[in-house]
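Subject: Handing over a structure

Dear colleague,

I am passing a structure on to you, and my notes on it follow below. Please look through the structure first and then read on.

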Amino acid sequence: MATFSLEPQNVEKIQTKYRTIQTQLPHPEAAAILEEMRRYEPVSMTGQPPVIWDKAVGYTVSDRWGNRWIDFSSGVVVANAGHCNPDVQKAAGDLIAHGLMHTYLFPNEQRARLVKKISEIVPIPENRVFLLSTGAESTECAIKLARTYGISKNSRKVKIVTFDDCFHGRTMGSQQAGGTPSAKTWIGQLDPNFVQVPFPNAFKYDWADTSRSDYSDQNCFDHFAAYLQEKNVNFDEIAAIMTETSQGGWVQLMPKGFVQLLRRFCSKHDILLVFDEVQAGFGRTGKLFGFQYADVTPDLICCGKGVSSGMPLSCVVGRAEIMNQYGPNKMTSTHSGNPVCAASAYASIHYVLDHHLVEHAFDMGGVCKEKLNALQKRFPGHIGFVSGCGLAWAVIFTRPGTKEMDCDLAQRVVELCMQRGLLFFAPVGCGSTLKVVPPLVIDREALEEGLAVLEGAVADAVKELYERLLQFTML
């Protein structure tokens, strides 16, 4: 299991408009705090770069020893409106000062405003909005609603079809829906009615690569249908097909034509089409919601993370006939519509819309595309794939001449970036995916500076790799 060293290291001093590095990293006091945390927390809470956050404002993160980083993590794809957004901060602070922090299911005006706003901006006709706390809670809820709806049509209509490599959360239902087999070993007896099929991944499969001259939407969809048939799935027993809109570990959108065929398939067989927008929603992809790239209407969407830019809130939005299946007090959550979180989310959504951050993310996506594709061309033996849109990008590190993931190289790049004032979260997917997901408020100058730091870190990590190989061959 890869971890970052807690041994303080001497690093180059840096002072730019956006970055400041002036101490050892981690700072000796930070290392001591991290060691103490390891005595009291499970090991699962380790693994991120050893930076103790003191302040996070806009698109920078600072520790209390004078170091400052450009943040390419957004926490974990959360701070769409920026860290400590002033409008979000004021909305939460004012309500707490006013004297309201929790109401359970009792109504509050903040919840009323938020659900109305979300309903207005989600392009699903006659929708309803159910507020929750986390992304996993939203996907669990969508599974419950889909199966309930399916059973109402046919007692055998309970299958949930999802895709390899997709991530839907860490609870039992969400992990069974997820596409990572190693994450499910703890469950033991897996529900056979959760079925995974290959995601149309352009890196893995020629039939899904839209850049090929022989690519066909129908052929891509035929592969999907063939995998279902291979697993003996009766189409009329499928309750829902659920996918991340932008697949987290690869940051790929499904081909537009494929999604449109999927929508027709779902309508024909009375299957609910569910999009997990937890990472993609609220402007991250350069559209308000990622599914809008495909020009289709889903039956349910799951949202979280960027909806509130920092406060724990998620939601499920869908057609009224699906959302209204449970009566009063039958589908609730302890912190559903928490007034402080609701006020924060309302302020965040308005900020994203009023400051045209969706359009800005789309424009900055062009900068990322240019710079990251150039980076891949410079290191074709070590960067096997680059994909993304808006301000959500993936750089996949591979071993030369293969499609084998190079987790060690990815980890070293993240470490070098941290030492130079650029912050990523630890590599994801198979441990070789570096995700470029800065807050949507980042300006072009800061984005380009961060991408330049990334390029230098890749160059030095690759150089170190070849120096080690040379030393090994000389032994």
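A residue is called buried under 20% relative accessible area, exposed over 50%, and partly exposed in between, with a 1.4 Å probe and protein chains only. By that scale aspartate 270, at 31% relative accessibility, counts as partly exposed.

The model is predicted, so local features need pLDDT of at least 70 and side-chain atom pairs count only at pLDDT 80 or more, while totals for chains, interfaces and linings use all residues. Residues are numbered from 1 along each chain as its sequence is written, and side-chain values use heavy atoms, with hydrogens and water left out.

Some notes on the backbone come next. Most residues other than glycine have a negative phi, and most peptide bonds are trans. Aspartate 270, although not a glycine, has a positive phi of about 55°, and it lies in the loop between helix H8 (256-268) and strand E10 (272-276); helices (H or I, at least four residues) and strands (E, at least two) are DSSP runs, numbered from the N terminus. Valine 77 also has a positive phi, near 60°, but this residue is found in helix H2 (residues 74-77) and counts as buried at 3% relative accessibility. A cis peptide bond, with omega about -10°, joins leucine 25 and proline 26, and proline 26 is found in the loop between strand E2 (20-21) and helix H1 (28-40).

Both of these regions come up again in the cavities. A cavity is a set of points, on a 1 Å grid over the protein atoms alone, where a 1.4 Å probe fits but cannot get out, and its lining residues have an atom within 4 Å of a point. Grid points are joined across faces, edges and corners, and a volume is the space filled by probe spheres set on the points. A search of the whole structure finds two cavities of 30 Å³ or more. The largest cavity holds about 60 Å³ of space, and its lining includes Val77, Arg284 and Lys435. The second largest cavity holds about 40 Å³, with Leu25, Pro26 and Trp69 among the residues that line it.

Finally, aspartate 354 is found in helix H10 (residues 339-354) and counts as exposed at 51% relative accessibility. From aspartate 354 to lysine 184 the separation is 170 residues in sequence and 42 Å in space, C-alpha to C-alpha.

With best wishes

Definitions and conventions. On a 1 Å grid over the protein atoms alone, a cavity is a set of points where a 1.4 Å probe fits but cannot get out, and a pocket is an open set with protein on both sides within 12 Å along at least five of seven lines; lining residues have an atom within 4 Å of a point.
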